[in-house]
Amino acid sequence: MFKRILIANRGEIACRVMKTAKRMGIETVAVFSEPDRHSLHVSLADDAVCIGPAPAIDSYLSIPRILEAVRQTKAEAVHPGYGFLSENKDFALALGEEKVVFIGPPAGAIEAMGDKIQSKLIAASADVSTIPGNNEVIASVNAALEAARSIGYPVMIKASAGGGGKGMRVAWKDDDVYAGYLASKHEAAGAFGDDRIFLERYITGPRHIEIQILADQYGNCIFLNERECSIQRRNQKVIEEAPSPFLDAATRISMGEQAVRLAKAVDYCSAGTVEFVVDAQKNFYFLEMNTRLQVEHPVTELISNVDLVEQMIRIAHGEKLALSQSDVAINGWAMESRIYAEDPARGFLPSIGRLVRYRPPIEMQDEAAIVRNDTGVVEGGEISVHYDPMIAKLCSWADSRPGAIEIMRGALDRFEIEGVSCNIPFLSTVLDHPVFIQGDATTSFVEDEFPEGLSPRQLPEVTIRQLAAAAGLMHKFSLTRNADISGRMSLNPLPIADEWVVEIDGYQWRLHIIPEGTRTFVRFEDGPQWQVYVDWQPGKRLAYLSIDGQHRIVRICAMTCGFRMSYRGADLAVRVRSPREAELAQYMPAEKKPDISAKLLCPMPGLLVSIDVAPGDEVESGQNLCVMEAMKMENVLKSDRKAVVQSVHAQPGDSLAVDDVILEFETSD
């Protein structure tokens, strides 16, 4: 077995590979860019080498610098992780010239499957079902329009070298082709250095289901069943699960057999994934093959009890597969939630900054449940504009799908992140959505159900009332604690009242706190009385509630006269006042928000790529105003109404922060 391997990646995937390597007794080498010097993957490695400045092109994508790190540390093999150089045939060939093993497939397989046009042709020749489309490079907008009309709308505009949702646009009509072709071409050139574009039929309402394969150097190839990845936004997967709630056994076997045929057609060896789109009638079509480890590989590991990283290492070392197809089973159900630094309330725009608080749930495993958190960050670390905004991959396992969902809900409730916006409220909302619970979500789920991003969730009245009861009790805890401290200076501290008025989410209730021995009850004047237990101390971010035996975990932030309580997608300002304070509060003037209707504010930190208007221009609703690039993804900002541009405050190439003014419009004043 290898004695030392280098991981040519960063973040959570580098940490993930190190975990298996260490268990196998293999030393690990980390590479890092200058801003990643204090990253978790660096601290976990046995050795580490700085390979350049922040831009990936000068560090993680620099083959010469990584090769020098290999020579310097005498690594025998390199695991590329995913992203960066993981599907770069030149990297695999360069390692071969150095007599260093590439822990991945042969360069020929990477090349064949890395080009989406060529891979479709190979798939068709291997009798793998493919999507109808134009399997040629589209050289111009006019050619794209002609191809789209020939295929029939809607069409998918795709970068031939693309991946991770980059360089992809859906066109429903001619105007979409014009804008989508140029945007995909530009985005693909920046992300992959390859701006070739092709078109294919867009399958409406599809499921995104992929097959995990393993193949060795001796012609043995098996499939480890499927993962469903239909919960996506901007073609980026958000929640994955294994197995799929949609497939039947016959379809699963047919998809697996086609995936194996494709792998054998290109002499594949290592772990790989064949992705399919599946329509409502369970017809499936080849989408692409990822010649690397996938982000969502943990859910396959959890239902198969197979460590895919270990298998990649053993295959690269020349070992035969120890598994046969008959050994592969489906054990229980697994979920993965990708936790991103992004703001769901602002259209999932990326968020950067320092993780001033990062407290993931405790990982655990027993016969009934598993909680696993693959991460590459630590408290105090920075989410940089230079790299992917994923913070962690939170995974759950149980013997059934409802069980896996419930374990995931609780784990998300216990996850504490501060300093950057994150998508945990959105993930919690999805897990409670009836379409997801029923297993009926397609790839259009997020677009259909959350077209403007995440709006504040409306909780049932009984849940809001429970939170109000807890807030009343917590408010008394805080006052009692303060009185205990100040009481040291007073022989007769004032008693704490037991009657409060709680205002929350448009409701206002008067309630009484009733201690009875070791128990505490909260009685509402207009109705119920519940036994309430709160495990919380002032300053803590999580409150563990039990209300008549029903348990909830709520995020807490103290504020004047109350708390901000966040629970599964709902963010609630809770005011707790005495009856007299509540009576006087009605006379307080409402806070006025500044008028920003005549300004276009930057919605995310990033680079201003282009400005499409000038002072004096009259713009229509929906017209493109400018393009912002963040986390290597381009975002088009559009006008929300008809207006006249008064002034432009930023120029292409400017780095902008959130709420920087880009444009101002004329007002009627």
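Colleague: How do the residues of the lining of the second largest cavity divide into nonpolar, polar and charged?

Modeller: This is a predicted model, in which local features need pLDDT of at least 70 and side-chain atom pairs count only at pLDDT 80 or more, while totals for chains, interfaces and linings use all residues. Residues are numbered from 1 along each chain as its sequence is written, and side-chain values use heavy atoms, without hydrogens or water. Counting Ala, Val, Leu, Ile, Met, Phe, Trp, Tyr, Cys and Pro as nonpolar, Asp, Glu, Lys and Arg as charged, and the others, Gly among them, as polar, the lining of the second largest cavity has six nonpolar, two polar and six charged residues.

Colleague: What volume does the second largest cavity have?

Modeller: A cavity is a set of points on a 1 Å grid over the protein atoms alone where a 1.4 Å probe fits but cannot get out, and its lining residues have an atom within 4 Å of a point. The structure holds three cavities of 30 Å³ or more. Taking volume as the space filled by probe spheres set on the points, which are joined across faces, edges and corners, the second largest cavity has about 80 Å³.

Colleague: Which element gives the most to the lining of the second largest cavity?

Modeller: Strands (E, at least two residues) and helices (H or I, at least four) are DSSP runs numbered from the N terminus. Both S11 and S12 supply at least two residues of this lining. With four residues, the element that gives the most is S11.

Colleague: How far apart are the end C-alpha atoms of helix H9?

Modeller: Buried residues of H9, including Met-255, Ala-259 and Leu-262, pack against elements among them helix H5 (107–114) and strand S13 (270–278). The expected span is 1.5 Å times one less than the number of residues. The 17 residues of H9 (249–265) should therefore span 24 Å, which agrees with the separation of the end C-alpha atoms, 24 Å.

Note on methods
Buried means under 20% relative accessible area, exposed over 50%, partly exposed in between (1.4 Å probe, protein chains only). Contact means heavy atoms within 4.5 Å. On a 1 Å grid over the protein atoms alone, a cavity is a set of points where a 1.4 Å probe fits but cannot get out, and a pocket is an open set with protein on both sides within 12 Å along at least five of seven lines; lining residues have an atom within 4 Å of a point.
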